[in-house]
Amino acid sequence: MKKLLAVLLAALLLAVPAFAQTASLAGEWTMTKTVASGVVMSPETYGVSMTLVLNPDGTGFARQTINGTPMEENGTWAQNGNTVTITSQISEEVTTLTLQSDGTLLAMVDGVAMYFTPVSYTHLTLPTKLEV
């Protein structure tokens with residue numbers, strides 16, 4: 001029985017990114033790594049933290065700290081399949097993020113890859129019945 005439970009739990013955890021691909025991506029996402037010129041770094045290494053909050057109603061905001069200075073910017077967002085488009089309310093700048101197979105969101109900004117990991121899984125819809 002314990003083996004069956006372990007197998008079911010492992011299958012469910014492996015399936016979470018697949019569910020995220022078809023479900024709403026609303027939720028809280030935090031930047032966990034960047035890649036520039038092939039160099040992988042954590043944002044904290046260069047004094048940056050960023051969280052995206054995508055509300056189910058299409059509003060959202062980015063909360064960031066750069067070298068100890070906090071900033072917040074409101075905007076709107078829309079989802080088309082595995083792609084999220086965020087529009088800044090202030091600058092009207094548009095940022096596109098793409099859901100990756102590992103469940104992260106990827107934004108490419110000025111040649112820098114920024115990866116966001118879900119903090120809350122409110123955007124996932126799990127099945128009500130597991131079939132084995």
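Accessible areas were computed by the Shrake-Rupley method with a 1.4 Å probe; for residues, only the protein chains shown count as cover. On that basis the accessible surface of the protein comes to about 8,300 Å². Carbon and sulfur atoms hold 59% of that surface. The model is predicted, so local features need pLDDT of at least 70, side-chain atom pairs count only at pLDDT 80 or more, and totals for chains, interfaces and linings use all residues. Residues are numbered from 1 along each chain as its sequence is written, and side-chain values use heavy atoms, with hydrogens and water left out.

The secondary structure consists of 1 helix and 9 strands. These are DSSP runs, numbered from the N terminus: helices are H or I with at least four residues, strands are E with at least two. Along the sequence the pattern reads α-β-β-β-β-β-β-β-β-β. Of the 132 residues, 30% are buried. Buried means under 20% relative accessible area, exposed means over 50%, and partly exposed lies in between (1.4 Å probe, protein chains only). Contact means heavy atoms within 4.5 Å. Among contacts with a separation of 6 or more, 41% join residues 24 or more positions apart.

Strand β9 spans residues 112-118. This strand is mostly covered, with 5 of its 7 residues buried. Two strands pair if DSSP finds at least two bridges between them. Strand β1 (residues 27-36) pairs with β9 in the antiparallel sense over 6 bridges. V35 has A113 as its bridge partner in β9. Strand β8 (residues 105-109) also pairs with β9, again antiparallel, over 5 bridges. Here L106 is bridged to Y115 of β9. A hairpin is formed by β8 and β9, with 2 residues between them. D110 lies in that turn and has a positive phi of about 50 degrees.

Y115 also takes part in a charge–ring arrangement. The charged end of K33 sits over the ring of Y115, 4.7 Å from its centre. The criterion is NZ of Lys or CZ of Arg within 6 Å of the ring centre and within 35 degrees of the ring normal. Aromatic pairs number 0 in the whole structure. Rings of Phe, Tyr and Trp (its six-membered ring) would pair with centres within 6.5 Å; planes under 30 degrees apart count as stacked, over 60 as edge-to-face and the rest as tilted.

The largest nonpolar core has 18 residues. Such a core is a set of buried Ala, Val, Leu, Ile, Met, Phe, Trp, Tyr and Cys residues joined through side-chain atoms within 4.5 Å. W29, L52, V84, I86, L97, L105 and F116 touch the most other members. At least two residues of this core come from each of β1, β3 (48-54), β6, β7 (94-99), β8 and β9. The largest share, 4 residues, is supplied by β3. In soluble globular proteins, nonpolar side chains tend to be buried together.

Leaving aside neighbours within four places in sequence, L52 is in contact with G27, E28, W29, F61, A62, I86, L97 and F116. T51 is placed in strand β3. T51 is buried, with a relative accessible area of 13%.

G75 is found in strand β5 (residues 69-80), and S88 in strand β6 (residues 83-88). G75 counts as buried because its relative accessibility is 11%. S88 is also buried, at 9%. Beyond neighbours within four places in sequence, S88 is in contact with E73, N74, G75 and E93. For G75, the corresponding contacts are G58, T59, G60, T87, S88 and Q89.

Two loop residues have positive phi. Most residues other than glycine have a negative phi, and most peptide bonds are trans. N67 has a phi near 50 degrees and lies in the loop between β4 (59-66) and β5. N67 is exposed, with a relative accessible area of 61%. E92 has a positive phi of about 60 degrees and is found in the loop between β6 and β7. E92 is exposed, with a relative accessible area of 61%.
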